[in-house]
Amino acid sequence: MNSILVQDETDSFRDLFTTYYPFVVRQIMRIVKEQQTAEDISQEVFLSFYHTDRSVIENIPAWLSRASVYAAYNHLRSEKRRLTRQEKEAEGKELVAPSSEDTWLEKEAIEDVRDVLAKLDERERTLLLMKYSGFAYGELAKATGTEVGSVGTLLSRAKTKFRNMYARMRGEEG
């Protein structure tokens, strides 16, 4: 008995969908202007219609018309918010871009680091470059021809020497 009632409602909904779908799409097209978008919105309208108790609806075409207009305007409002949000994100990205002064300072710092590295002996330079490129102590030892147990000490000395030379070059030493 219950399955017969559900089947009747389904058939009834299918008939209503078939009858009113073009009407709903036309209602939405008057506002949205894009066929595909209107069809997508009409599906939302019919989904809402399906979940609504149709026994309380007095005039189905009027209900569908009103629901179509509301759904179309909701779509336009959400599109407007989405565009505004994207514009704000684009503005934020422009603000994040470094100024020419920052770019110049960064280039200068890179040049200073290169100059200091060039002044270090080859083993110290190799240790520092390989360490900060992610190589393990074993690989550093193999590349520099030293014992693995000595790499930490040699690396520490190279860091200290680099730090002092860099500070002297930038005039930061007290």
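Predicted model: local features only at pLDDT ≥ 70, side-chain atom pairs only at ≥ 80, totals over all residues.
View 1. Residues are numbered from 1 along each chain as its sequence is written, and side-chain values use heavy atoms, with hydrogens and water left out. Ser 42 sits in helix α2. Helices are DSSP runs of H or I with at least four residues, strands are runs of E with at least two, and both are numbered from the N terminus. Leaving aside residues up to four places away in sequence, Ser 42 touches Tyr 21, Val 24, Val 25 and Ile 28 (contact means heavy atoms within 4.5 Å). Ala 67 is 25 residues from Ser 42 in sequence, and their C-alpha atoms are 9.2 Å apart.

**View 2. The largest nonpolar core.** This core has 20 residues. A nonpolar core is a set of buried Ala, Val, Leu, Ile, Met, Phe, Trp, Tyr and Cys residues joined through side-chain atoms within 4.5 Å. Ile 28, Val 45, Phe 46, Phe 49, Ile 60 and Leu 64 touch the most other members. Helices α1, α2 (35-51) and α3 (60-96) each give the core at least two residues. Helix α1 contributes the largest share, eight residues. Phe 46 touches Phe 13, Leu 16, Phe 17, Tyr 20, Tyr 21, Val 24 and Leu 64, residues up to four places away in sequence not counted. Another core, of 15 residues, lies apart from this one, and its members include Leu 127, Met 130, Val 151 and Leu 154. In soluble globular proteins, nonpolar side chains tend to be buried together.

View 3. Gln 27 belongs to helix α1 (residues 2-32). Its relative accessible area is 12%, so Gln 27 is buried. The side chains of Gln 27 and Arg 30 make a polar contact at 3.4 Å. A polar contact is a pair of N or O atoms within 3.5 Å; within protein, one must be able to donate a hydrogen and the other to accept it, and residues adjacent in sequence count only if both atoms are side-chain atoms. Gln 27 also touches Ser 65, Ser 68 and Val 69, with residues up to four places away in sequence left out. Lys 33 lies in the loop between α1 and α2. Its relative accessibility is 59%, so Lys 33 counts as exposed. The side chain of Lys 33 reaches the backbone oxygen of Arg 30 at 3.1 Å. Phi of Lys 33 is near 80 degrees, a positive value in a residue other than glycine.

**View 4. Helix α5 against helix α7.** The axes of α5 (residues 122-131) and α7 (residues 148-169) come within 9 Å and cross at roughly 100 degrees. Axes are lines fitted to C-alpha atoms, for helices over the stretch in contact, and angles run from 0 to 180 degrees between N-to-C directions. The two helices, α5 and α7, are therefore roughly perpendicular to each other (65 to 115 degrees; under 35 is roughly parallel, over 145 roughly antiparallel, the rest oblique). From α5, Arg 123, Glu 124, Leu 127, Leu 128 and Lys 131 take part; from α7, Val 151, Leu 154, Leu 155, Ala 158, Lys 159, Lys 161 and Phe 162. The contact of α5 with α7 has seven nonpolar, no polar and five charged residues. Ala, Val, Leu, Ile, Met, Phe, Trp, Tyr, Cys and Pro count as nonpolar, Asp, Glu, Lys and Arg as charged, and the others, Gly among them, as polar.

**View 5. Helix α6 against helix α7.** Helix α6 (residues 137-144) packs on α7 at an angle of about 90 degrees, with the axes 9 Å apart. Therefore α6 and α7 are roughly perpendicular to each other. Tyr 137, Gly 138, Leu 140 and Ala 141 of α6 meet Val 148, Val 151, Gly 152 and Leu 155 of α7. By class, the residues of the contact of α6 with α7 are six nonpolar, two polar and no charged.

View 6. Asp 112 is in helix α4 (residues 100-119). With 14% relative accessibility, Asp 112 counts as buried. Asp 112 touches Tyr 166, Met 169 and Arg 170, not counting residues up to four places away in sequence. Leu 83 is in helix α3. At 42% relative accessibility, Leu 83 is partly exposed. Thr 153 is 70 residues from Leu 83 along the chain, and 57 Å separates their C-alpha atoms.

Terms used
Buried < 20%, exposed > 50% of the residue type's maximum accessible area, 1.4 Å probe, protein only.
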